[in-house]
Amino acid sequence: MATVEYLHIAKTYPNGTRALEDLNLSVEDGEMMVLVGPSGCGKSTALRLLAGLDPSSGGELRIDGRRVNECAPQHRNIAMVFQNYALYPHMTVRRNLEFPLRMMKLPGPERSRRIEETSRMLGISDLLERRPRQLSGGQRQRVAMGRALVRKPRVFLMDEPLSNLDMKLRTRIRSEIAGLQKRLGITTIYVTHDQVEAMTLGDRIAVLKDGRLQQCGPPQELYDQPANTFVGAFLGNPGMNIFHAWAGSGTAALQLAGGSWQIPLGPLLRRKPKLAQYVGHPLLAGLRPEAFSPWQTPAAAVLIESVESLGHERLVHFVPPGATPGAKSETLVARLPGPQAEQPGQHIELGFDTGQLHLFTHEGDAIV
Amino acid sequence: MKRLLTPLTYLCLLLCGLLFISPVGFLLIGSLKPDDLVLVESGGWRALWPTSASLENYRDVFTRVDFTRYLLNSLFINGMILGTGLLVNSIAGYSFARLPWRGRGLLFNLVLAVMIIPLEAIAVPLFYIVSLLGWRDTYLVQILPFIANAFSIYLFYTYFIGLPRELEEAARIDGAGVVRTFIDIIVPNAKPVFASVAILTFLTQWGAFLWPLLVTSSEAVRPLPLAIATFHGLPPLRWGDLFAFGVMMVLPILSVFLLFQRLFVRGVAATGIKG
């Protein structure tokens, strides 16, 4: 087991693409850290740098406090599960599992013992004599995990390991990975673009965008207190609604979505003292879909655009009255309990819980 | 209409097949005929009919020249070119495809440029160099210049560049160095390209004539193509013997092709060589 530290890590590719900029991140011993972000945000690069597959352009990487920048991948004692599993196609499952052990020069009986132990743990004992092409996607995924775990690495890296599986299998293996990681207590860095995976798996989540770390913390903390509009909109499905707000200097109310809703400034200023600095400036407001409710105040008569019924709940896409008609960016979404009750084109009264209102500067940083 | 087309297609294919195989058939059947019948019957369908077949011509070849010596020379020279060539060119191809080193692109372009230079163009300076080194009339001079081959390097390069990079990365993380990764992971997954290069090298080198003619003078190191030319000029001229010599010269290359044929087809498809 080990700690991992990224200290001012930067990565610029030879073609000039900046994949990472000044990344500072530390992963505790035995922790499951999930790196999440959209495509091209630098999350896989961060993993590859730690694995030693690519050199960093600046900064320091440490495993257990020891600088590893110059260490070859084979000397870092890490294991990695690739998105396409990268099983050796010409070897049987047994030989795939054995390969890292042979490289460690372990004696034969010890190799056999570890293969038995790992294959039993992952439920692949009966697949040992098969070749990768004879396995299903889920079985390949397990073998890839087995090959990574069999050598008992200090750090376990996973690069979107579930992205090639169907939804049902993904959910099952996700919980298996979580259980396995907790049981073995191996420091794990898990890369995904799927925020559901991030929320359910991570002890902590690090959200990246354009090569920069946006926020790092426990999943619930990131969900409840996003540091900026990007984190707010990225986490959650659907993500946070972000819309314009205005704390007019001459009025005592915060105007939301072009005046669709107005709430008194006083209580807000007590909750968010820094808001005082932004009075008179354009702001951004954030509300999670579940913050809306027909019974809350302040309420406004909103225009329903469409309704997605999910059986036990519905996602109502609507335009607040103060919004410009037809402007796609001003369409908001509410998550309401129960089956569909509204029709597109209908107006309904919709309010929200002011306690769940997030405020951001015009640049998108949270106001606390 | 469709019912008529299928037999017609097969008939066309059959005729094309016969057309392609007829020279080989003529060679094989001619080698079994008495010498005086070979040319007499060559004008019609009898060319492909074994009239009074016997292995007499084959026996003649062995009594008139030291065929075994030439065959062993050819096998040794080609075996060495093939073995060392596969090793050197695959390593070079892998290095160009995967290993990061300064000047890789420039050198690779130079290698590609070398592909268009025919042996005839460099034969004289090459001859001068090997003469200076005192290598004339040896096996070495027939092997060394043909080990590194630009086309083989290019074939290996195109195959290796298409292999998933994650395989090598997984091996490196699993603890294998570059050499171990190459031997344990890359080579076993590149059998088709090895087969293609083996067959193409063997095909080219087995028939090599100009270079051995320039650099060898003693029969002890000369390969089969030179021997058949000498045999042709050896009186009396017997076509049946010549045909038998030809058959025995073609057999090794045919067996190599048949041995690797399945892999070769896969390799041709994978490396994108056009026939």
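The model discussed here is predicted.

## The sheet of chain A

Ala79(A) stands opposite Phe156(A) of strand 7, and Phe156(A) in turn stands opposite Thr188(A) of strand 8. Leu157(A) has Ile189(A) of strand 8 opposite it.

## Burial of strand 7

Five of the five residues of strand 7 of chain A are buried, so this strand is largely enclosed by the rest of the structure. In a regular strand, side chains alternate between the two faces of the sheet. In strand 7 of chain A, both faces are covered: Val155(A), Leu157(A) and Asp159(A) are buried on one side, and Phe156(A) and Met158(A) are buried on the other.

Helix 4 of chain A has 13 residues and spans 18 Å from its first C-alpha to its last, close to the 18 Å expected at 1.5 Å a residue.

Because 10 of the 13 residues of helix 4 of chain A are buried, the helix is largely enclosed by the rest of the structure. The buried residues run from Arg140(A) to Leu149(A), and include Arg142(A), Arg147(A), Val143(A) and Met145(A). Their cover includes strand 6 and strand 7, together with helix 2 (93-103), helix 3 (108-122) and helix 5 (167-184) of chain A.

## Domains of the two chains

Chain A is divided into domain 1 (4-228) and domain 2 (241-360). The C-alpha centres of these two domains of chain A lie 39 Å apart.

Chain B is divided into domain 1 (21-54) and domain 2 (65-271). Taken over C-alpha atoms, the centres of domain 1 and domain 2 of chain B are separated by 33 Å. Their contact takes nine residues from domain 1 of chain B and seven residues from domain 2 of chain B. On the domain 1 side, helix 1 (2-32) and helix 2 (35-40) of chain B each supply at least two residues, and helix 1 of chain B gives the largest share, four residues. By class, this side of domain 1 of chain B has five nonpolar, two polar and two charged residues.

## The contact between chains A and B

The contact between the chains involves 14 residues of chain B and 17 residues of chain A. On the side of chain B that touches chain A, helix 9 (residues 165-173) of chain B gives the most, with six residues. The residues of this side of chain B divide into seven nonpolar, three polar and four charged.

Key: Residues are numbered from 1 along each chain as its sequence is written. Chains are lettered from A and ligands numbered from 1 in the order in which they are written. This is a predicted model: local features need pLDDT of at least 70, side-chain atom pairs count only at pLDDT 80 or more; totals for chains, interfaces and linings use all residues. Two strands pair if DSSP finds at least two bridges between them. Two residues are in contact if their C-beta atoms, placed from the backbone, lie within 7 Å. Ala, Val, Leu, Ile, Met, Phe, Trp, Tyr, Cys and Pro count as nonpolar, Asp, Glu, Lys and Arg as charged, and the others, Gly among them, as polar. Domain bounds come from an automatic or database domain assignment. The expected span of a helix is 1.5 Å times one less than its number of residues. A residue is buried if 20 or more other C-beta atoms lie within 10 Å of its own, exposed if 12 or fewer, and partly exposed in between; C-beta atoms are placed from the backbone.
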